[in-house]
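Hi everyone, thanks for coming.

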Amino acid sequence: MRYLPLTDPDRREMLAAIGVDSIDALFADVPSAARFDGLINLPRAMGEIEVERAMSRMASRNVAAGSVPFFIGGGAYRHHIPAAVDHLIQRGEFLTSYTPYQPEMAQGTLQYLFEFQTQVALLTGTEVANASLYDGATACAEAVMMANRLTRRRKAVLSGALHPHYREVCETYARFVGFEVAAADPAPGGDEDLTGRVGPDTSCIVVQNPDFFGEIRDYSELARNCHDVGALLVVVVTEILSLGAIVPPGEMGADIVAAEGQSLGNALNFGGPHLGLFASRDKFVRQMPGRLAGQTVDVDGRRGWVLTLSTREQHIRREKATSNICTNSGLCALAFTIHLALLGETGLTRLARLNHAAAVSLAERLEGIPDVRLLSRTFFNEFALQLPRPAAAIVDALAEKGVLAGIPVSRLYPSRPELAGILLVAATETAMSEDMDHFERALTEALS
Amino acid sequence: MSDWSRAASNRAVEDPAIEVETATGNRGLQIEENLIFEQGSPGRCGVDLVDAAPFPARLGGLERQGAIGLPGLSEPQVVRHFTRLSQKNYAIDTGLYPLGSCTMKHNPRLNEKLARLPGFADIHPLQPASTIQGALALVDTLAHWLKTLTGMPAIALSPGAGAHGELCGIMSIRAALEARGERRSRVLVPESAHGTNPATAAACGYSVDSVSGNLTGRVDVGALKAKLDTDVAALMVTNPNTCGLFENEILEIAAAVHAAGAFFYCDGANFNAIVGRVRPADLGIDCMHLNLHKTFSTPHGGGGPGSGPVALAASLAPYAPLPWLVHGPDGLELIEHKKGEANQAIGRLKGFHGQMGMFARALAYMMSHGADGLRQVAEDAVLNANYLRARLESDLSLSFPGLCMHEVLFDDRFLKEAGITTLDFAKALIDEGYHPMTMYFPLVVHGALLIEPTETESKASLDQFAGMLKTLAAKARSGDAKRFHAAPRWTPRRRLDETAAARKPVLRWRPEAVALQAEE
């Protein structure tokens with residue numbers, strides 16, 4: 001086996017050094033009733049060629065986004081990733097290192113986490129960010145639990161325009177962790193008003209911007225309403241690139257920002273691994289979940305980095321930790337940091353503008369199709385269309401024609417027939433004009 | 001290392017005149033590297049993008065005002081910066097990484113290549129099922145391998161890492177108890193457990209009741225039985241445990257747990273020791289998470305991403321989180337909502353369907369090894385750890401005598417007289433070019449040093465490592481405390497002030513003027 005360096009003579013020599021006569025003797029503590037003798041019923045070892053063949057066959061049965069006109073978003077976006085990103089994250093010193101528990105041997109990881117935290121704070125317009133969580137949905141649940149701790153209240157109000165997966169994850173955590181979530185009805189169109197939902201028992205209101213249906217809103221007033229009654233405002237961002245174009249949540253008064261960072265540096269990956277971003281105010285930092293890299297000095301007075309405030313974390317605090325999270329999304333955070341370093345201020349704002357331009361152009365084409373109505377008054381790179389027929393069947397029909405047209409909202413809200421005609425459509429910088437033509441033609445045909 | 005190079009390096013240490021300040025602060029291949037924020041220039045950009053032609057914006061007047069504050073860098077600057085940062089890291093690619101309970105094994109590059117096939121990396125989780133049959137087949141195949149290896153009938157694939165898998169397991173257990181109309185309030189956790197175990201139990205609303213160990217480093221079955229009653233929801237045990245020992249009374253433990261109507265949760269962090277030789281189902285386990293980034297070699301990436309599938313017994317399978325993967329009339333399909341057979345599911349734990357990129361890597365790893373290779377993995381991992389134990393037991397202080405599994409636990413008794421702590425000893429390993437072992441964990445022995453070599457180390461590598469540890473132990477015993485207190489000396493940074501970092505946290509870069517203002 002190519003990954004195993006011991007030879008049979010090595011093994012014999014080592015057994016002799018240990019003073020036992022067989023490998024089986026090393027497993028003597030395993031009760032004999034529980035030992036599995038012989039080989040488990042699975043295929044035998046394969047060489048690289050065979051494994052590559054078998055897995056390539058599986059891969060070839062999927063329609064890769066880059067091979068067709070592609071307009072799916074809904075919390076995972078297809079962007080161009082500069083070649084340098086994937087090259088750098090595959091350097092073995094990044095790829096194959098552990099959590100930086102020994103800072104003298106991990107200054108590389110710690111420094112990029114410090115850079116990552118700074119980038120996330122700048123983008124979200126907040127004071128402080130952590131070193132990542134699993135994904136946006138779990139970051140959202142962690143945000144609610146942090147708000148519960150900070151306010152000593154147990155009821156969160158979720159916007160009806162929050163990504164349904166984020167809502168569902170919050171509901172799962174709520175049931176088992178023991179808090180309450182009140183989710184508003186699904187709210188396409190940007191008219192939702194949650195002001196009346198904030199009460200003295202509310203720990204936080206959770207809104208999304210741009211929201212699940214694409215709408216961009218100013219939540220400054222809602223933030224004030226929350227603060228007036230001692231509640232917090234949590235703002236979710238599922239398309240982090242939007243913050244290259246629109247007012248960031250921190251500037252609107254958000255207390256906690258929970259976001260999905262996949263758009264920068266990370267491929268779609270069929271939904272994972274993605275990158276949970278988590279940011280808040282300095283004064284709340286000791287209630288934050290997850291790891292934090294911090295600046296310090298070494299014994300010679302030189303600047304360096306360490307993991308810090310770990311008394312919040314499970315390996316120190318055990319059952320009193322702020323979260324049970326341990327492994328997070330380190331390498332995805334590195335990809336994000338490198339991509340954003342390449343973009344810089346100029347590149348990020350340009351890329352955001354290109355995305356918005358593509359979406360505006362596509363929306364204009366599609367709303368010209370008879371019986372198709374654009375529901376989103378405002379949007380960044382994703383918008384909602386009202387179709388005259390159930391969107392799910394249209395999406396399947398377009399897939400047959402080689403167009404991945406978007407997300408039928410019914411897939412996420414199967415029990416809401418009133419939403420069955422809504423299609424979410426995303427256009428990023430990767431959508432070419434001819435892709436849009438193709439989509440427009442195919443949708444026109446499917447509806448005629 | 002040849003004698004010649006050893007002589008040369010010794011001379012360098014002994015002659016203080018050789019320690020010169022360089023003009024740059026760099027020391028040969030150790031290059032000082034500023035933050036990206038200190039290197040940027042406005043207007044510079046590492047990506048060429050056209051500026052969109054004017055168009056009517058639909059941002060509702062919420063255009064971002066003012067600069068974000070991101071630095072502008074060219075591609076060569078970015079490549080150099082991150083390459084230099086990488087060179088400040090130790091990694092399994094650069095050397096033995098003996099972190100106990102972390103399973104730092106070789107990460108095959110085939111896995112990286114295959115996970116990047118556009119058919120896996122460039123597909124969207126909400127594409128129509130007809131366009132992702134290959135991806136679902138991969139998930140199905142992975143599930144089959146994991147179910148077969150654990151002997152368990154069901155597997156939940158969505159958890160994002162081990163601790164998330166623990167949440168999934170304990171939530172499933174609570175759901176099963178609630179379905180029986182029971183509200184139990186305690187979870188039993190041995191003293192030697194990972195911190196995530198009590199943190200998970202507490203997060204799910206349980207009070208954590210600690211179970212003491214016996215003199216052999218295993219769960220004290222008598223103490224456990226005394227705590228077991230109808231108020232106990234679950235016992236969470238790591239097996240092999242974090243002392244590197246197999247819980248030899250596990251069948252009795254399982255029977256006692258079940259007799260009390262509780263569930264038996266196993267932390268699968270140490271599955272590497274038994275994969276292919278022991279099926280957890282045969283140990284009476286009801287629920288176990290697997291860290292794909294440990295046993296199945298997906299890279300740790302400096303702290304993630306991981307993946308934490310949870311194997312479930314039939315009694316817990318109905319509560320597995322969404323989505324479920326099922327074989328339908330048109331091929332494989334995902335059940336994404338509570339309905340039909342999935343109506344008792346605990347709900348969703350994560351966005352989308354799980355860590356697909358990690359699934360692809362883990363499957364490539366398992367297919368490469370096969371049933372025979374995986375069994376060999378466990379055997380070689382246990383052999384390597386026992387070999388180190390045999391080589392080192394007269395030099396370091398072994399916490400529990402006798403055979404170990406895939407990792408071996410020492411404590412600080414051998415350092416007591418010398419005025420050297422476990423931390424000092426670990427830092428001295430760094431100067432020798434090794435990543436230290438896990439320190440101060442598990443908590444059941446004083447000044448723990450937990451060594452897990454994994455199966456991907458050669459005998460020569462183990463011999464060299466053992467030789468180094470013997471030399472350091474001898475130096476410690478001979479009273480050479482200074483060398484340990486001063487270590488590490490040859491790293492980009494020496495010991496860092498963690499107390500100062502926590503007392504006055506600086507968690508992001510700020511322009512100098514702003515930073516100064518903040519200090520005042």
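Predicted model: local features only at pLDDT ≥ 70, side-chain atom pairs only at ≥ 80, totals over all residues.

Okay, so how many residues does each chain put into the contact? Chain A gives 166 residues and chain B gives 174 residues. On the chain A side, the biggest giver is helix H12, residues 330-366, with 21 residues. If you sort that side of chain A by class, you get 91 nonpolar, 47 polar and 28 charged residues.

Now the sheet. Chain A has an open sheet of four strands, in the order S10-S11-S13-S12, and the pairing is antiparallel. Which strands stand at the edges? That would be S10 (373-374) and S12 (407-408) of chain A; each has a single partner strand, so one side of each has no neighbour in the sheet. S10(A) is joined by two bridges to S11(A), residues 382-386, and those two run antiparallel. Zoom in there and you'll find Leu374(A) opposite Leu385(A). And here's H12(A) again: this helix packs on the sheet, touching S10, S11 and S13 (422-426) of chain A, with its direction at about 10° to that of S11(A).

Chain A is assigned a domain 1, which is 65-79 + 344-447, and a domain 2, which is 83-338. Their C-alpha centres are 27 Å apart. Where they touch, domain 1 of chain A brings 28 residues and domain 2 of chain A brings 26. Guess who turns up? H12(A) supplies the largest share of the domain 1 side, seven residues.

Terms used: Residues numbered from 1 in each chain as written. Chains lettered and ligands numbered in written order. Contact = placed C-beta atoms within 7 Å. Nonpolar A, V, L, I, M, F, W, Y, C, P; charged D, E, K, R; others polar. Pairing = 2+ DSSP bridges. Axes fitted to C-alpha atoms, helices over the stretch in contact; angles between N-to-C directions. Domains from an automatic or database assignment.
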